Number of protein chains: 2
Amino acid sequence: MRDTRPRSAHVRRSSGHLADGRELIYFDDSEPYASGGAQRSFDDRRPLEPHASDSRMRFDELAGEWVTFATHRMDRTHLPPADQCPLCPTRPGHQPTEIPADDYDVVVFENRFPSFAGDPIEGHSDGSTTDVPAHGRCEVVCFTSDHSTSFHELGVSRVRTVIEAWADRTAELSARPGVAQVSVFENRGKEIGVTLHHPHGQIYAYPFVVPRTEAMLRQARRDRRGEEHDLLGDLLAAEIAAGTRIVARGSSWTAYVPVAARWPVDVRVVPHRNVPDLAALNDDERDELAVVYPELLRRFDAFYPRVAKVPYIAAWHQAPVGEGRDLCRLHLHLFSIMRAPRKLKYLAGSESAMGAWVNDTTPERIAARLQELARD
Amino acid sequence: MRDTRPRSAHVRRSSGHLADGRELIYFDDSEPYASGGAQRSFDDRRPLEPHASDSRMRFDELAGEWVTFATHRMDRTHLPPADQCPLCPTRPGHQPTEIPADDYDVVVFENRFPSFAGDPIEGHSDGSTTDVPAHGRCEVVCFTSDHSTSFHELGVSRVRTVIEAWADRTAELSARPGVAQVSVFENRGKEIGVTLHHPHGQIYAYPFVVPRTEAMLRQARRDRRGEEHDLLGDLLAAEIAAGTRIVARGSSWTAYVPVAARWPVDVRVVPHRNVPDLAALNDDERDELAVVYPELLRRFDAFYPRVAKVPYIAAWHQAPVGEGRDLCRLHLHLFSIMRAPRKLKYLAGSESAMGAWVNDTTPERIAARLQELARD
């Protein structure tokens, strides 16, 4: 156990390791610290084998994209009953979970079933794209020890702690050898295949720049005047000028439904400053985000009558660690595949095979509904 | 009704129109012709409004892709009971369906709920990408009048007729003004959102080159020697040299699991000649395809124990009508989202938001299973 850098006045960070060697980091809100941060918070007595990953990746020459193969994920924990949740604290008298402490505020640990793991291996950097180890890192972020709540019910102060954790992990993982890009996301809802209900998100430190970012880079470089440009900044300005699709506006952040939104509920949240990632946000920006973001999630859950929890994906697009860093402004893409109560948008031939999206609704309808749900 | 060009010695083609003006074309196998091809086969007495589409499309500047908005599709027919199937023939004493004839072999008609429809409109070709009509055409292909069968059970001769219909539609739609690319596909299974169970496929005549093809064109032009190349031909040669992932091999076609397959079951079927589309296939190639393709579909349905019908997407990638035509060899992408009995592969944060695929299995395992299922 090493008790290290306080990342903000309000958060205590302490890190240690689980029985199989995986790193675990507590982010405690305030005194008295929930996790304790003491030795017993890292006292994982499970008889786990040393952690290893056999993930590999290959380059899809036809698409120009890396594809990862993580066969051990086939065996991952799938919708366990609530009393066997691996993300709950380890309660006295119960089976030990992934978190040795008997309570916590926010905790981050290395995924037991990672898609990417380990450092780049010497001798595999020969340019071969046939079959190489999928190095990088996958982490799990537990937002709360309360198994049954939702992100938007955490409260502003807890969301602020989560943002600290995201920023901490982004900075640290970006500095690891071989990491090209760090992505922070939450998948919520069994409709999108979530295998654990406990409120949690994920962090992927990819060994390559993801295809969606590669596309943004191409677009940012495809300026009509032959100049590179801050595409997210231009799009934000255009949305503010249009006005009709803005769903939330603060002094540091604006949320809007994109003019070419492809999902049934689809919002982009953009900072007013051109920052590359969450670690680059200043305190004011983090403070406002802690208010704006859960408010948007609240409106998602209110979007459809008689649907209490809307499945969603909330994905932070962060700039690559290396080349193109100044061209990819940080932004959140928040969307749902639910197109009506009990009806999902499926990706069939046109979307899955051709990449050509057809949306049954319009960005203006989505925006109107989200605007109507704003608190007075 | 106009009775026109016989496209092969075995198929009679007759076309006419439905009550709302949509085109309908019968492809009759052999005498006595099932649909009759006579006036009564086009006698649609439903009180339908003239057909119109309000589909629009907008360019997603961030992704560099067109997104289509087809709000009328929200109201499309959704899993009707079998006795109200709109793709069955119109049986005496029953409600009229989309097909006025009391029987048919293969029939193609314009989709009542199209994503793309109509010709390009003058004055909208000003380069504006903000909001333009989504012109083009969407057609439905009924493979058989038998409501309860599957494509792989049609029999070789019927599959041959379907291939004629696909080739006919590809040639005709490619010649329409404003059509950039024609895609032929079948979505099978409610797990991928299929709204009608009757065996049928679809044809989309897109007004743009689809994103997946744009990616292939980029890759085909990204040759190490700075030369454009026949990427599908190169990949086919590499797969034949590797040998391990070949699942079917004829004199005109080879089927293999791609080295970087991203779906739980994933096959590419490629002709040995560099042809741009189905219309360019010669008789020998069509004849062999009519055997190879249903055999692969049979193996898909046998892939998992205790799963009778595996959901799949079968998508024909055809070359663009214009630029890049010589760089995009015709091929079929046949894949399933089912990763185990009753378990689907979901596209969550990494796939849906980042475009970075993680597969729980390996191409070699998929290939081994499909090889094992080959008929002796």
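Author: Happy to! One definition to begin: two strands pair if DSSP finds at least two bridges between them. Strands (E, at least two residues) and helices (H or I, at least four) are DSSP runs, numbered from the N terminus. As for the source, this is a predicted model, where local features need pLDDT of at least 70, side-chain atom pairs count only at pLDDT 80 or more, and totals for chains, interfaces and linings use all residues. Residues are numbered from 1 along each chain as its sequence is written, while chains are lettered from A and ligands numbered from 1 in the order in which they are written.

Reader: Thanks! So what stands opposite B:Met57?

Author: B:Val132, which sits in S7(B). Strand S4 (residues 56-60) of chain B and S7(B) run antiparallel and are joined by two bridges.

Reader: Which sheet has S4(B) and S7(B) in its order?

Author: An open sheet of four strands, in the order S18(A)-S5(B)-S4(B)-S7(B), with mixed pairing. Its edge strands, each pairing on one side only, are strand S18 (357-359) of chain A and strand S7 (132-133) of chain B.

Reader: How do S18(A) and strand S5 of chain B pair?

Author: In the parallel sense, over three bridges, with S5(B) covering residues 65-69. A:Trp357 has B:Val67 as its bridge partner in S5(B).

Reader: Nice. How many residues does each chain put into the contact?

Author: Chain B puts in 56 residues and chain A 55. Two residues count as in contact if their C-beta atoms, placed from the backbone, lie within 7 Å. On the side of chain B that touches chain A, helix H2 (residues 211-220) of chain B gives the most, with six residues. That side divides into 30 nonpolar, 17 polar and nine charged residues. Here Ala, Val, Leu, Ile, Met, Phe, Trp, Tyr, Cys and Pro count as nonpolar, Asp, Glu, Lys and Arg as charged, and the others, Gly among them, as polar.

Reader: And why do you say the copies meet through the same surface?

Author: Because 98% of the interface residues of chain B are also interface residues in chain A. Chain B superposes on chain A by a rotation of 180° with 0.0 Å of shift along its axis, at an RMSD of 0.0 Å. That is the relation of a two-fold axis. The superposition is by least squares on the C-alpha atoms of residues with pLDDT of at least 70 in both copies. Of the residues of chain B, B:Leu347 comes closest to the rotation axis, its C-alpha being at 4.6 Å.

Reader: Let's switch to chain A alone. How many helices and strands are there?

Author: Chain A has six helices and 18 strands. Its C-alpha trace spans about 55 × 55 × 40 Å along the principal axes. Buried residues make up 50% of its 376 residues. Buried means that 20 or more other C-beta atoms lie within 10 Å of a residue's own, exposed means 12 or fewer, and partly exposed is in between, with C-beta atoms placed from the backbone.

Reader: What are the domains of chain A?

Author: Domain 1 is 2-208 and domain 2 is 213-372, with bounds that come from an automatic or database domain assignment. The C-alpha centres of the two domains of chain A lie 24 Å apart. Their contact takes 26 residues from domain 1 and 29 residues from domain 2. Helix H1 (156-174) and strand S9 (181-188) of chain A are the elements that give two or more residues to the domain 1 side. H1(A) gives the most there, with nine residues.

Reader: Is strand S3 of chain A buried or exposed?

Author: Five of the six residues of S3(A) (residues 23-28) are buried, so this strand is largely enclosed by the rest of the structure. Strand S2 (residues 12-17) of chain A runs antiparallel to S3(A), with six bridges between them. A:Ser15 stands opposite A:Ile25 in S3(A). Their hairpin has five residues between the strands, and A:Gly21 takes a positive phi near 95° in it.

Reader: Which strand does A:Phe27's bridge partner belong to?

Author: S6(A), where the partner is A:Val106. S3(A) and strand S6 (residues 106-110) of chain A are antiparallel, joined by four bridges.

Reader: Last one: where is B:Arg46?

Author: In the loop between strand S3 (23-28) and S4 of chain B. B:Arg46 is partly exposed, with 13 other C-beta atoms within 10 Å. Not counting residues up to four places away in sequence, B:Arg46 touches B:Ala19 and B:Pro96.
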